[in-house]
Amino acid sequence: MSQTDVKIQNLVLPYDIDANLQNYHELTVKGRNASNMPLGYDPEKKCHIMGKYGFANFMTYFNCLQITRWKTYTNAQSFRLHLVVRGKLSVELYDIFRISSNFNLRLTKAEVHTVQEMSEITIDIPESRNPLFGFCITALENLEIYGGWYSALTEENAVHDVRISLVTTTFKKQDFIKNNIKILKECVLNNSELKDNIFVHIIDNERALDPDQLNCERLKVYPNSNTGGAGGFTRGMIEALSLEKEPTHILLMDDDVMIIAESIFRTFYLLRILKDEFSGRFLSGAMFDYDIRERQYEDIGYVHKKDASYGPLKPHLDMRLLSNIITNEFVSQENLENAYAGWWYCCIPSKKIKENGLPLPVFVRGDDVEFSLRNKAEFLTLNGICIWHVGFAGKFNAAMELYQVHRNSFIIAAASGICTDISFIDRIRTLFWHNLTEFAYSNAEQLLDSVEDFLKGPDFLENLNGEQSLKEHSAKNEKLCPVSLIEGYNPSQDPYEYKKLNIIQKMIYVVTINGHLLPGFFLRNTPAVIAFDWFFVPGKNFMHKKLIAVNKNDNTGCLRTISRKKCFELLKRYCKVMKSYKRNHIKIEKQYREKFSEMTSEKFWRNYLGI
């Protein structure tokens, strides 16, 4: 049986037109001193350059080769490194592996090449059982680097026909979406490898983009009513599956992200030689922090059994460090319980949508979690398949995090029958208590709203104006102002300082609801500075009349004052809501399950979207 050599990964260089990584070159290439940029750029020749005896280390996040993953998940049999250069250079090849907690390098091959005119050199990569491969270049005279890639030998009949529909939903993120469209047009849609294998669907929930100006042969803008991310992505799925040449995969991507074209190329390269036993997996792109671009925040998430929260499987990793690149390899992503792929970058086999239905109409938050869990998804991840997401700094939004997330958590669990071993109502109880004792009365109110609206049943959800609902709950959010304007603010107090209560203090805190049941003269007049976000430390809140909740990301905050009236009103409402939940939740959950097939059908969604 004949073999073919297929590209699997392009080298990413810091001055590449779409990368915009000059200030973050350690993700692509390092010098002898990691912080030094070893490459320059010649705009006339459109190449990266190195002076004589310059040294470039390509053992980086974007340019290592994950040999073990390629062997495990694809039909790749052996690997090659290709470099397009002009000049004289030494190339050293390395295996990268871990022993205990340390990473190690093993030199496997060294070659010297002299190239008089720009041309390609090809180096066979030695067989290895180690997880990562990398290389370094030393310029033995002035060197021009025009690009490079890795390839793999595989059987010709093991190369699949892959067609990708990229779906992105946008609302009030015009600058980002227009820049992403520009990159897609210049670097992807005009590329011979992909131009006939990808179609881009831009779902415009704001109706602010000009389709006549942006549409082209392989990209189309769809004006859409604001039905949130769930509605926008579903519209994209419907349009993708209606194409004359149906896609094999649908790639969902957020709008408020910075993209790199290589992520899409690697997605295509991976899928076209994927082994049949992995063809049903979701490909989950990593989410990096837009403001701290070397930090990988999440690639796969899961619902935590302990407290019903959502979060990343892996710790946040600084991907400038080779030690963290290796750590990324060794966190198992097999047989994960309650795991999901976020829709900031998620590539889904089309057959999963046709077999198991469209998303639930939850507007925003939880649609991606439910869809992964409903499909019992298993996952693929690969370095370099990623985006940079906006909004980490100052991200806490009570309407979103306390109302929308928890309302939808109840809904998706009821409708899909997922997370049966996780108690979202216990999480409500815990967070209600936290917010009550931090005098965050509007936050406690939003938690109760989430339960009440869930108990209104599926008819409420089907007819809900998601945009209006979110506006109404956002109006309940605490209003922040510069901390310098808040009377009593002491900048020397750290809102994230940990203060421990002794046993007696803990009893007083609980029994008196942090002073709500005590006369005012028992409480301190000086306000305490606490964190505005999730950070909860009773020792910081203990026995104050006032608390200043501070967002350190932008030095804003709000003053919270103890109110027995609000506390007692909320406690009365809490008892009523919990009684209603206990009495009705089984009946309501059954109603959601009975409506599930209808709410995830194309017929329902076409009517819901007005298409």
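**Close-up 1. Asparagine 465 at the start of helix H13.** In this predicted model, a side-chain oxygen of asparagine 465 comes to within 3.2 Å of the backbone nitrogen of glutamate 467. This contact sits at the start of H13. The helix covers residues 466–474, and its buried residues are Gly466, Ser469, Leu470 and His473. Viewed down the axis of H13, these buried residues fall within an arc of 95°, so they line one face of the helix. An α-helix has 3.6 residues a turn, so residues three or four places apart point the same way. The cover over the buried residues of H13 includes helix H9 (398–416) and helix H11 (441–454).

**Close-up 2. The open sheet of seven strands.** The strand order is E11-E10-E9-E12-E21-E14-E22, and the pairing is mixed. Strand E11 (219–223) and strand E22 (379–380) are the edge strands, each pairing on one side only. Strand E14 (residues 282–284) and strand E21 (residues 345–349) run antiparallel and are joined by two bridges. Serine 284 has cysteine 346 in E21 as its bridge partner.

**Close-up 3. Strand E23 and its two partners, E13 and E15.** In strand E23 (residues 386–389), Cys386 and Trp388 point one way, while Ile387 and His389 point the other way. All four are buried. In a regular strand the side chains alternate between the two faces of the sheet. Strand E13 (residues 257–258) pairs with E23 in the antiparallel sense, over two bridges. There, valine 257 stands opposite histidine 389. Strand E15 (residues 286–289) pairs with E23 in the parallel sense, over four bridges. Here alanine 286 stands opposite cysteine 386.

**Close-up 4. Phenylalanine 604 and tryptophan 605, an edge-to-face pair.** The model holds 32 aromatic pairs. In this one, the ring centres of phenylalanine 604 and tryptophan 605 are 5.9 Å apart and the planes lie at 80°, so the pair is edge-to-face. Both residues are buried. Elsewhere, ring pairs link Phe233, Phe282, Trp343, Phe371 and Phe379 into a cluster.

**Close-up 5. Charges over rings: lysine 7 and arginine 98.** The charged end of lysine 7 sits over the ring of tryptophan 149, at 5.0 Å from the ring centre. Arginine 98 lies over the face of phenylalanine 330. Its distance from that ring centre is 4.2 Å.

**Close-up 6. Asparagine 324 in helix H6.** The helix spans residues 322–330. Asparagine 324 has a relative accessibility of 16% and therefore counts as buried; the cut-off is under 20%. Not counting residues up to four places away in sequence, asparagine 324 touches Leu317, Asp318 and Met319.

**Close-up 7. Threonine 512 in a loop.** The loop runs between helix H14 (503–511) and strand E25 (528–531). Threonine 512 is buried, with a relative accessible area of 9%. The side chain of threonine 512 reaches the backbone oxygen of isoleucine 508 at 2.6 Å. Leaving aside neighbours within four places in sequence, threonine 512 is in contact with Leu517, Leu518 and Met543. Tyrosine 53 is 459 residues away from threonine 512 along the chain, and their C-alpha atoms are separated by 72 Å.

Note on methods:
Residues are numbered from 1 along each chain as its sequence is written. This is a predicted model: local features need pLDDT of at least 70, side-chain atom pairs count only at pLDDT 80 or more; totals for chains, interfaces and linings use all residues. Side-chain values use heavy atoms; hydrogens and water are left out. Buried means under 20% relative accessible area, exposed over 50%, partly exposed in between (1.4 Å probe, protein chains only). The arc is that of the directions from the helix axis to the C-beta atoms. Contact means heavy atoms within 4.5 Å. A polar contact is a pair of N or O atoms within 3.5 Å; within protein, one must be able to donate a hydrogen and the other to accept it, and residues adjacent in sequence count only if both atoms are side-chain atoms. Rings of Phe, Tyr and Trp (its six-membered ring) pair if their centres lie within 6.5 Å; planes under 30 degrees apart count as stacked, over 60 as edge-to-face and the rest as tilted. A charge sits over a ring if NZ of Lys or CZ of Arg is within 6 Å of the ring centre and within 35 degrees of the ring normal. Two strands pair if DSSP finds at least two bridges between them.
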